[in-house]
Amino acid sequence: MAGAAYLDPTGLPSAYADLCREDTQTAPLAEDIQADHIVIGAGITGSSAALHLAKAGHSVVQLEAGALSCGGSGRAFGLVVPYGKHGEAKILRHFGAEQGAHHIDVLSQGPDLVRRLIADHDIQGAKHGDGWVLAPHVQASAEGLRKRAGYWQNRGADVEILTGAALHETLGTDRYDMAMKDNRAFGINPYNYALGLARAARDAGVRQFSNTPASRFHKTGDRWTVETPGGTVTANRLLVCTNAYAGSLSSRVTRSFVRVRGHQAVTEPLSDNVFASVLPGAGVVTDTRHTWSGIKKLPGNRLHLSAGGSTLTAQSGADLRSVINRLKEMYPQIADVGWQSDWSGWVAMTPDQFARIQRLGDGAWAGFGHNGRGLAGATLMGRDMAHIAMETPDHRPYVPVKDIRPLPFHAFGRYTAAAMIQWYRMTDALALRKELNAPRSPDR
């Protein structure tokens, strides 16, 4: 397997790494060792799994192909939300009433779990920007947001609908007539958070080895062995937590999702008064368009935006033109903005856009497919995989565990995904154009 460090065209985001307060150094594996559990991957899922196993008293070896957290976990947008990719009604239809309700309930606990881990393990500089505003890209989406807010308000969640002056004071823009604000959500530095989880796992006793790519794994008797360039690890249980960075380690894993690229960009520092005028009452804003639309504030008077860009290849950067248009649409006072950096990372997309925990064999599992919602979801998945490996009585993971089933015609999946994303871009643009050309009512 090629190390994750070699699968991305750019280095780790300077916007994250420059603010990092965590130690990033561990040595490569250089001997044959044994443990109760092997965890492959030191992103959020892998470190959450390793940490929960070690805290329960199990011996754990964790392997990372490149530097710690250098893959998708350290390159994410950094929005922690109590949801997956889909709305509640679709989740209930997909899983059925009982499992669907459990899925919704567990995901809603994700931000609290992330907060607790940050506090319990003193992960400095990870959290910033409370509150997330989700606005309707077009007015036709407003009713769906009202229903979602009502669903959570009926359950006692800290969710509200904003309109008028309250909305303007929160966002600092008149772009939207209404929006939903979820005060459970918050922004983080995902690189710092992922490194903090890795350090917490080491503190709990996990033997952790970076720059140690797993080349293959196999089972002999009732024990799993993972081979690396510097040595082997043998254990009773194996957890593959590489998400989109599995490389050639297991074709069954890599053929179970489609890899697409997500892009980010960060502005150069803005003046104090302009920076203060953006998102004065929330940490992050996105809207209901199908493609990336996030804006959040970073320390140092900078704005961080999710962006479009090349979906399949690693050769081109973020589409800064679309990002500039998004900024002008929201905050016209930001003129001639400069860009400090842009970067990208691989995202694992599943056909139904639900995450997966799948059985690779007796005593081995793989977790993947967060579909761009991997911060809370990956933390929960790591915890779930730890409990699955420990056979914890009465613990129920938020997604059902199934035998792994690679996608048929996987080679064509990446082109299908690229076509789907392009279709989303077109439908978003057409819906907005239709609304802009429609006559506006006198009260708007």
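# Reading a packed helix pair and a buried loop residue

The accessible surface of the protein is about 18200 Å², and 50% of it belongs to carbon and sulfur atoms (Shrake-Rupley method, 1.4 Å probe).

Analyst: This is a predicted model; local features need pLDDT of at least 70, side-chain atom pairs count only at pLDDT 80 or more, and totals for chains, interfaces and linings use all residues. Residues are numbered from 1 along each chain as its sequence is written, and side-chain values use heavy atoms, leaving out hydrogens and water.

User: At what angle do the axes of α2 and α8 cross?

Analyst: Two packed helices are described by the angle between their axes and the distance between the axes. Here the axes of α2 (residues 44-55) and α8 (residues 190-203) come within 8 Å and cross at roughly 25°. That makes α2 roughly parallel to α8 (angles under 35 degrees).

User: Which residues of α2 and α8 meet?

Analyst: Contact means heavy atoms within 4.5 Å. I44, S47, S48, A50 and L51 in α2 meet Y193, A194, L197, A198, A200 and A201 in α8.

User: Is N371 buried or exposed?

Analyst: Buried means under 20% relative accessible area, exposed over 50%, with partly exposed in between (1.4 Å probe, protein chains only). N371 has a relative accessible area of 2%, so N371 is buried.

User: Where is N371, and what does N371 touch?

Analyst: N371 sits in the loop between β17 (364-368) and α12 (374-390). Leaving aside residues up to four places away in sequence, N371 touches K85, V347, A348, M349, T350, Q353, F354 and A355.

Methods:
Helix = DSSP H or I, 4+ residues; strand = E, 2+ residues; numbered from the N terminus. Axes fitted to C-alpha atoms, helices over the stretch in contact; angles between N-to-C directions. Parallel < 35°, antiparallel > 145°, perpendicular 65-115°, else oblique.
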